[in-house]
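Please read this briefing alongside the sequence and the 3D view.

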Amino acid sequence: TALPVESPYKALDPGFKTVETAHFSVQAYGSEASSRYASACETNYTRIMQDLGLYSFVPARPYNVVVYKDAAEFHAKTGQPDWSGGAAYGNALLLYEGDGLEATMAHEMTHLVFNEFMGLSQAASLRWLNEGVAVYEEGRSSRESAAYYSGALKSLVAVNPIPFSQMVNLAPQNESRSGVERWYAQVGSVAAFLIKQGGSFNFSL
């Protein structure tokens, strides 16, 4: 028999609590925190389903959500880069307590749903749309994020929009920070336009 593949991230320290909901298994330190994050997960999930029109979609199994106590524990146990505020891996959502948690939760959860709904191979080929809807949902969950992307749209995109032929084929990796922000702001704006103007049902189609 083949050995199980080792998880790419390490679990919380002993003493964490687990709360099960309809779509999530949430682990965090303390019963109150676990329940609060579980409720936030379900709220985000419901909004994402409504916004994207995925009413008939049912996840194959509950998503695992791990909330580390702080950035230091998150980075040490996940191996994520210093700038990362969270990550979606397979069927798991990895987060940490602190400012921006709700925005990151909405962004990364959208990736989990999009990846499973579309299939991983298609999700990779539609990187611009995957990130676009994640940016849109992040802004829907956080006024701070909405204001940030609105500012980036005005200062970086409106004055110098990315041609669509480049936007859909080129995901920024080694560009400057402003180049990356510009791409994210633009794909988020395009996704928002599709959802708002066409409606969630048409978007799902």
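Helices (H or I, at least four residues) and strands (E, at least two) are DSSP runs, numbered from the N terminus. This is a predicted model, in which local features need pLDDT of at least 70 and side-chain atom pairs count only at pLDDT 80 or more, while totals for chains, interfaces and linings use all residues. Residues are numbered from 1 along each chain as its sequence is written, and side-chain values use heavy atoms, with hydrogens and water left out.

**Residue C41**
- C41 sits in helix α1 (residues 31-52).
- Its relative accessibility is 0%, so C41 counts as buried. Buried means under 20% relative accessible area, exposed over 50%, and partly exposed in between (1.4 Å probe, protein chains only).
- Contact means heavy atoms within 4.5 Å. Apart from neighbours within four places in sequence, C41 is in contact with F24, V26, V65, M105 and M109.
- C41 and L156 are separated by 115 residues in sequence and by 32 Å in space, C-alpha to C-alpha.

**Helix α5**
- The expected span of a helix is 1.5 Å times one less than its number of residues. For the 15 residues of α5 (residues 127-141) this gives 21 Å, and the end C-alpha atoms are 21 Å apart, which agrees.
- Because 12 of its 15 residues are buried, α5 is largely enclosed by the rest of the structure. Among the buried residues are W128, L129, Y136 and S141.
- S141 lies in α5. Its side chain reaches the backbone oxygen of E138 at 3.0 Å.
- Not counting residues up to four places away in sequence, S141 touches N44, R47, E102, A103 and A106.

**Helix α6**
- Helix α6 (residues 143-157) reaches 20 Å from its first C-alpha to its last, close to the 21 Å expected.
- S145, Y149, A152 and V157 are the buried residues of α6. They cover an arc of only 70° around the axis (taken from the directions from the helix axis to the C-beta atoms), which puts them on the same side of α6.
- The face turned away from that buried side carries the exposed residues R143, E144, A147 and K154.
- The cover over the buried residues of α6 includes α3 (101-118), α5 and α8 (177-198).

**Packing of α5 and α8**
- The axes of α5 and α8 come within 7 Å and cross at roughly 80°. Axes are lines fitted to C-alpha atoms, for helices over the stretch in contact, and angles run from 0 to 180 degrees between N-to-C directions.
- α5 and α8 are therefore roughly perpendicular to each other (angles under 35 degrees count as roughly parallel, over 145 as roughly antiparallel, 65 to 115 as roughly perpendicular and the rest as oblique).

Key: Polar contact = N/O pair within 3.5 Å; in protein donor to acceptor, adjacent residues only side chain to side chain.
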